[in-house]
Amino acid sequence: MQQIIDFILELDKLKGVTRKVKPLGLSRYENSAEHSWQLAMLALSLSAYAPAGTDMDRVVRMLLVHDVGEIDTGDTLAFVEGGWKERKAAELAAVERIFGLLPEPQGPLFLALWREFEQGESAESRYANAVDRAMPVLLNLSNEGQSWRENGVSHARVVARIAPPIQAGCPALWTYLEGRLEDARQRGWFGA
């Protein structure tokens, strides 16, 4: 029991990891715990658009663990260029530490879910990655490009970063976003 409690209290630190996008109608930035919860809800809500046979329970579990490493590494704007190999190595060390707080078999099971998400080879991980890439875009489209403008992110960089994983995991979601991103470009909602 104590190992599980220690793990859950460690996860509380995710609430203190500040991201780069503001929740709608709020002046503060969202945190990684809020982000993970919202992704799980988005994935479930879009389940009709997931590839046939997608195990939504597995998708939600992946989304709940995918950012746990940010407790140690902090968040990185999804649209930065370079440094991803080093970032992912640091995240792996972090999740190994954090999931290592749990007893067998829970810790290794959570680590396996994290790895599956990162590898993006299963239908579930591709769908989870699509949802993860889409949520910051949905927030930016709803707040006139707030984080894109603040961080100098161009339309081309957003499309290059999100189009492949969203097309691979949820093509209908990309179809929805593509025109809206072009509209945002025409409105000047990008930073470069």
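Q: Buried means under 20% relative accessible area, exposed over 50% and partly exposed in between (1.4 Å probe, protein chains only); is leucine 14 buried or exposed?
A: Leucine 14 is buried, as its relative accessible area is 6%. This is a predicted model, in which local features need pLDDT of at least 70 and side-chain atom pairs count only at pLDDT 80 or more, while totals for chains, interfaces and linings use all residues. Residues are numbered from 1 along each chain as its sequence is written, and side-chain values use heavy atoms, with hydrogens and water left out.

Q: Where is leucine 14 found, and what does leucine 14 touch?
A: Leucine 14 is in the loop between helix 1 (2-11) and helix 2 (32-45); helices are DSSP runs of H or I with at least four residues, numbered from the N terminus. Leaving aside residues up to four places away in sequence, leucine 14 touches Asn31, Ser32, Ala33, Asp67, Val68, Glu70 and Ile71, where contact means heavy atoms within 4.5 Å.

Q: How do helix 3 and helix 6 pack?
A: Helix 3 (residues 56-65) packs on helix 6 (residues 106-119) at an angle of about 95°, and their axes are 9 Å apart. That makes the two helices roughly perpendicular, a class that covers 65 to 115 degrees. The axes are lines fitted to C-alpha atoms over the stretch in contact, with angles from 0 to 180 degrees between N-to-C directions.

Q: Which residues meet there?
A: From helix 3 come Arg58, Arg61, Met62, Leu63 and Val65, and from helix 6 Phe110, Leu113, Trp114, Glu116 and Phe117. By class, the contact of helix 3 with helix 6 has seven nonpolar, no polar and three charged residues.

Q: Switching to rings: how many aromatic pairs does the structure hold?
A: The structure holds four aromatic pairs, counted where ring centres lie within 6.5 Å. One of them joins tryptophan 148 and phenylalanine 190, which are stacked at 4.4 Å centre to centre with 10° between the planes; stacked means planes under 30 degrees apart.

Q: Which parts does the pair of tryptophan 148 and phenylalanine 190 tie together?
A: Tryptophan 148 lies in helix 8 (residues 146-150) and phenylalanine 190 in the segment after helix 10 (171-187), so the pair ties together parts that are 42 residues apart in sequence. Tryptophan 148 is buried at 0% relative accessibility, and phenylalanine 190 is buried at 10%. Elsewhere, Phe7, Phe99 and Phe110 form one aromatic cluster.

Q: What touches asparagine 140?
A: Asparagine 140, in helix 7, touches Val21, Gly145, Gln146, Ser147, Trp148 and Trp189, not counting residues up to four places away in sequence. Asparagine 140 is buried, with a relative accessible area of 0%.

Q: Which charges lie over rings?
A: Lysine 22 lies over the face of tyrosine 29, at 5.2 Å from the ring centre. Arginine 180 lies over the face of tyrosine 176, at 3.6 Å from the ring centre. The criterion is NZ of Lys or CZ of Arg within 6 Å of the ring centre and within 35 degrees of the ring normal.

Q: And the backbone: which peptide bond is cis, and which residue has a positive phi although it is not a glycine?
A: The bond from glutamate 104 to proline 105 is cis, with omega near -5°, and proline 105 is in the loop between helix 5 (84-99) and helix 6. Glutamate 144 has a positive phi of about 60°. Glutamate 144 is in the loop between helix 7 (123-142) and helix 8, and is partly exposed, with a relative accessible area of 47%.

Technical notes:
Parallel < 35°, antiparallel > 145°, perpendicular 65-115°, else oblique. Nonpolar A, V, L, I, M, F, W, Y, C, P; charged D, E, K, R; others polar. Phe/Tyr/Trp six-rings, centres within 6.5 Å; stacked < 30°, edge-to-face > 60°.
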